[in-house]
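Hi there,

Here is the structure I promised to pass on. Have a look at it first, and my notes follow below.

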Amino acid sequence: MEIYPRFLVGSVSEMKIAQKEIEDGIKEYVDFASDYDIPLEKLLSIHDKMVENCVYDESVMSDDPSVVAQAPDSVYHAIGVFRDKFAVCQGYSQATYAICKELGIEADFLLLHLILPV
């Protein structure tokens, strides 16, 4: 699975490091979920491990745009789950999607942006 964190890095060498961290994170979760035979059990184990190991960044739900702007870009990416252990739903979803693909579990990733009136 190739998830490129291009918008998070400043150079090709940093991207290669980040890509390796993502690959290692995916492998860790795949190895963990492989202990289970039933796909639903695999998904539940992935969920439980993510919830245990990663904190949801609630600052992005703030009414104050300056607070939201302080959240690192990595919270919106799978690397937030695997490397930083700090993410939002987009990061969790991307990480779960990548793990499912490696496990052979059919999955889709939908990114939805809502624009709300101010």
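Let me start with a side-chain pair: Ser74 and Asp84 are joined by a polar contact of 2.7 Å (a pair of N or O atoms within 3.5 Å, one able to donate a hydrogen and the other to accept it; residues adjacent in sequence count only if both atoms are side-chain atoms). Ser74 sits in the loop between α3 (65-69) and α4, and Ser74 is buried at a relative accessible area of 9% (buried means under 20%, exposed over 50%, partly exposed in between, with a 1.4 Å probe and protein chains only).

A word on the source: this is a predicted model, where local features need pLDDT of at least 70, side-chain atom pairs count only at pLDDT 80 or more, and totals for chains, interfaces and linings use all residues. Residues are numbered from 1 along each chain as its sequence is written, and side-chain values use heavy atoms, leaving out hydrogens and water.

The protein chain has five helices and two strands (DSSP runs, H or I of at least four residues and E of at least two, numbered from the N terminus). Along the sequence they run α-α-β-α-α-β-α.

The largest nonpolar core contains 22 residues, with Tyr29, Ile46 and Phe82 among those with the most contacts inside it (buried Ala, Val, Leu, Ile, Met, Phe, Trp, Tyr and Cys joined through side-chain atoms within 4.5 Å). At least two of its residues come from each of α1 (12-33), α2 (39-53), α4 (78-84) and α5 (89-103).

By comparison, Leu43 in helix α2 is partly exposed, at 31%.

Best wishes
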